[in-house]
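Here is a short report on one protein chain. Keep the sequence and the 3D view open while reading.

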Amino acid sequence: MSSLTKQPELEVRKKKLIEKDCLKFKDLNNNGKLDPYEDWRLSPKERADNLVSLMTIDEKIGLMLINSRKMGIAQEDENKTSHDGVLDEGIIEKGENIFATSKVFGTTYTIETRKLRHFILRDNYSPAEMAEWINTMNEVAEGTRLGIPVLITSNSRNENAEAVFGMNDAAGIFSTWPGTLGLAAAAKGDIEKGGDAGIISEFARIARKEWDATGIRKGYMYMADVVTDPRWQRTYGTFGEDPEFISEAIGRIIDEFQGKELGNHSIAMTTKHFPGGGARENGFDPHYEEGKWNLYPTPGSLEKYHLPPFRAAVEHGTSSIMPYYSIPSIKKSMVQEFEGEDIPFEEVGFTFNHYFLNHILRGELGFKGYVNSDSGIVNKMSWGMENSSEAERFAKAINAGTDMIADTNDIENLKLAISKGWVSEKRINEANVRLLSEMFALGLFDERTYNTAEHATEVVSRKEHWDAAYEAHKKSVTILKNSNKTLPLTKDKVDGKKVYVEVFHKDSKKATSYTEQARNEAKELGLYTLTENYQEADTAILFLHPKSGSYFNATLGLLELEMCEDKVVSGLDGTLYQEKTITGMNRLKEIADNIHKRDGKVVMSVNVILPWILGNVEPLADALIAGYDTFFNAQLDVIAGNHKPTGVLPITLPASDYVIAVRQNGECVSRNDVPGFDKDKYMPTGMSYAYQDSDKNVYALGHGLKY
């Protein structure tokens with residue numbers, strides 16, 4: 001029995017309440033009596049055990065799948081919605097789009113007939129609309145045989161970034177903080193000043209309230225991956241390259257989102273991507289075949305650099321763990337150890353890897369929650385299992401220790417695997433108990449089934465939430481270079497002078513809209529006399545937003561990290577092609593040269609979402625700033641001296657193409673599995689990894705100037 005004896009506030013919409021011992025309970029299976037799973041006085045585990053004993057195999061199968069689900073408001077055809085447009089009832093045939101790896105059915109049919117209860121929300125509508133959507137789905141679920149509620153999951157929603165499917169599907173509705181790297185820059189800056197990483201805790205505490213109010217109760221976050229290969233495109237979603245700091249950040253995230261234990265107002269965390277996705281093969285990502293390998297060419301790197309944040313996640317009680325798609329490479333790795341034992345590498349993706357999930361994660365680290373696969377492991381990113389059927393992939397993953405398969409509603413192939421005896425019902429029951437225990441602990445069966453739209457709107461719009469987020473934006477700003485005390489650009493320095501502002505981006509249309517936004521925010525600051533003609537300006541403030549590569553497709557050659565336009569590079573097959581990370585490089589140089597000819601100053605900001613190589617732009621700047629999807633106005637506040645700079649680099653920026661060059665045998669000059677701050681231990685004699693600017697500043701982990 002749990003210690004819970006106080007009557008919770010229960011709301012039912014399809015079933016009835018019953019009384020026992022002068023207390024009220026939901027009669028979720030409509031049998032007129034109190035079953036153990038309906039008894040909120042029992043522990044989540046006791047209730048889960050009972051419910052599993054009552055479930056059919058179809059209900060168990062449905063519970064083990066999680067699929068992306070559109071809101072009704074996102075459905076263009078109103079005839080394909082229900083409940084006054086709240087639920088999407090459209091059908092997508094298999095292969096109709098890249099995410100329909102199996103046929104997608106309408107919401108009601110998926111809940112009632114296919115028995116799914118876990119859904120990923122990727123839409124980005126108002127808090128009230130999200131709350132109403134989740135309420136309506138739960139109303140449908142309550143009307144089913146056992147009344148099992150739905151649990152809605154999302155990727156991060158509180159960080160400012162351009163949308164990328166599967167990473168940051170949504171931004172700008174909830175309080176909007178800098179990117180994850182920006183949170184790290186701010187927190188590490190506070191630590192350097194003698195403080196702590198409390199800003200991470202504040203971020204999680206505020207975000208939890210907003211998620212809780214809308215009814216999104218589970219997060220696919222955060223990335224505990226340590227950045228070791230600079231070309232990895234997912235760098236921006238990490239907390240950087242320092243395992244010790246990342247471990248602390250992950251612990252704080254879990255403590256604040258979940259609390260000491262899961263409860264009625266917790267957001268359950270899914271920490272990803274076990275055992276660390278940073279050890280890439282020259283930056284290629286396992287969302288595509290060219291990036292399916294994890295490399296460990298350095299003895300001890302897996303245990304020293306990559307696993308510590310996952311140990312922290314387990315110690316802080318993360319509710320679930322998401323393994324990465326990638327395969328540990330035998331041929332391109334040195335023998336790795338954990339706790340004094342050699343790790344046997346089975347060349348299958350970590351979701352299918354019994355040793356990593358059972359021996360290391362559960363056995364050695366002591367993980368008690370459930371394992372949630374990444375999206376598409378049974379049909380697209382099934383590395384190491386490409387020659388197996390989808391049913392065999394289900395069996396391999398589940399028998400390896402994976403409890404939930406992500407972004408699929410393929411009940412047929414999981415059922416086939418069970419019917420053939422490839423997966424035991426005992427293992428299916430074990431997975432269901434783990435999954436249901438989380439739902440019971442979150443109060444979804446009891447007083448937290450439904451939320452009010454008005455409360456969701458009120459919580460998300462709280463001024464103190466947005467003020468705290470803006471403070472974090474300012475704290476994230478990192479001063480890399482400040483020649484001759486160019487910054488701060490105070491009122492007295494620009495008195496009687498004109499300031500020019502422009503944003504550069506790979507996409508010229510975005511550059512135009514961002515430039516308008518940055519100029520408006522500079523105007524609101526009220527310090528500068530602005531001009532739209534750089535030829536009459538005394539100072540230029542230039543924001544650079546470079547982009548490189550594609551999330552779901554490999555580049556022809558290695559991912560480009562230089563600020564460049566029309567750079568001729570060689571593909572992996574020897575084919576020459578042109579690469580671009582930013583549009584307008586010639587114009588950028590023209591502006592800088594024009595300003596400097598008139599003894600003016602150039603202040604430049606680079607959006608650090610990757611460890612950019614800055615040799616083409618740093619010499620043009622009198623002052624150089626790093627932002628991390630940081631608001632323009634927050635950067636302008638620091639530039640103007642309204643806020644003292646405190647941010648520091650959470651990653652090391654490479655010196656040049658040469659320090660990340662890949663030899664003909666495929667080996668990188670700098671180790672793929674070692675973070676930037678330690679790469680010099682393995683660099684060729686006389687070669688240093690970190691960038692050094694014209695003022696002799698070294699852009700290594702922790703660098704950040706003050707004034």
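## A buried aromatic pair

Both Trp177 and Phe203 are buried. The model is a predicted one. Phe203 has a relative accessible area of 0%. Phe203 also pairs with Tyr222, edge-to-face, at 5.9 Å centre to centre and 70 degrees between the planes. Phe203 belongs to helix α6, while Tyr222 sits in the loop between β8 (218-219) and α7 (243-258), so this pair ties together parts 19 residues apart in sequence. Tyr222 counts as buried too, at 4% relative accessibility.

A search of the whole structure gives 23 aromatic pairs. In one of them, the ring centres of Trp177 and Phe203 are 5.2 Å apart and the planes stand at 75 degrees, so the pair is edge-to-face. Trp177 comes from the loop between β7 (151-154) and α5 (180-192), and Phe203 from helix α6 (residues 198-214), so the pair ties together parts that are 26 residues apart in sequence. Ring pairs link a cluster of Phe174, Trp177, Phe203, Trp211, Tyr222, Phe239 and Phe257.

## Two cis peptide bonds

Tyr222 has another feature to check. The peptide bond from Met221 to Tyr222 is cis, with omega near 0 degrees. Tyr222 lies in the loop between β8 and α7.

The peptide bond from Lys272 to His273 is also cis, and its omega is near 5 degrees. His273 is part of strand β9 (residues 268-274).

## Around His273

Is His273 buried or exposed? His273 is buried, at a relative accessible area of 0%. Its side chain makes a polar contact with the side chain of Asp225, at 3.1 Å.

Which residues does His273 touch, leaving out those up to four places away in sequence? They are Met223, Asp225, Arg234, Phe310, Met322, Pro323, Tyr324 and Asp374.

## Charges over rings

Two side chains place a charge over an aromatic ring. The charged end of Arg13 sits over the ring of Tyr450, 4.1 Å from the ring centre. Lys679 lies over the face of Tyr689, and here the distance to the ring centre is 5.4 Å.

Helix α10 covers residues 354-364, and its buried residues include Tyr355, Phe356, Leu357, Ile360, Leu361 and Arg362. Gly366 follows α10 and has a positive phi, near 80 degrees.

Helix α13 (residues 425-441) has 17 residues. At 1.5 Å a residue, α13 should span 24 Å, and its end C-alpha atoms are 24 Å apart, which agrees. The helix is mostly covered, with 13 of its 17 residues buried. Just after α13 comes Gly443, with a positive phi of about 80 degrees.

His83 is not a glycine, but its phi is positive, near 55 degrees. His83 is in the loop between β4 (81-82) and β5 (87-88). At 39% relative accessibility, this residue counts as partly exposed.

Lys115 is not a glycine either, and has a positive phi of about 70 degrees. The loop that holds Lys115 runs between α3 (107-112) and β6 (118-120). Lys115 is partly exposed, with a relative accessible area of 25%.

## A loop glycine

Where is Gly549 found? Gly549 lies in the loop between β20 (539-545) and β21 (567-570). Gly549 counts as partly exposed, at 35% relative accessibility. Apart from its neighbours within four places in sequence, Gly549 contacts Gln233, Lys506, Thr555 and Leu559. Gly549 and Val603 are 54 residues apart in sequence, and their C-alpha atoms are 27 Å apart in space.

## The chain as a whole

The chain has 19 helices and 24 strands. Its radius of gyration is 26 Å, close to the 27 Å that the globule rule gives for 707 residues, so the chain is as compact as a globular protein of that length. The C-alpha trace spans about 85 × 55 × 50 Å along its principal axes.

How much of the chain is buried? Buried residues make up 62% of the 707 residues. Take the contacts between residues at least 6 apart in sequence: 72% of them join residues at least 24 apart.

Methods: Residues numbered from 1 in each chain as written. Heavy atoms only, no water. Phe/Tyr/Trp six-rings, centres within 6.5 Å; stacked < 30°, edge-to-face > 60°. Helix = DSSP H or I, 4+ residues; strand = E, 2+ residues; numbered from the N terminus. Buried < 20%, exposed > 50% of the residue type's maximum accessible area, 1.4 Å probe, protein only. Lys NZ or Arg CZ within 6 Å of the ring centre and 35° of its normal. Polar contact = N/O pair within 3.5 Å; in protein donor to acceptor, adjacent residues only side chain to side chain. Contact = heavy atoms within 4.5 Å. Expected span 1.5 Å × (residues − 1). Rg over C-alpha atoms; globule rule 2.2 N^0.38 Å.
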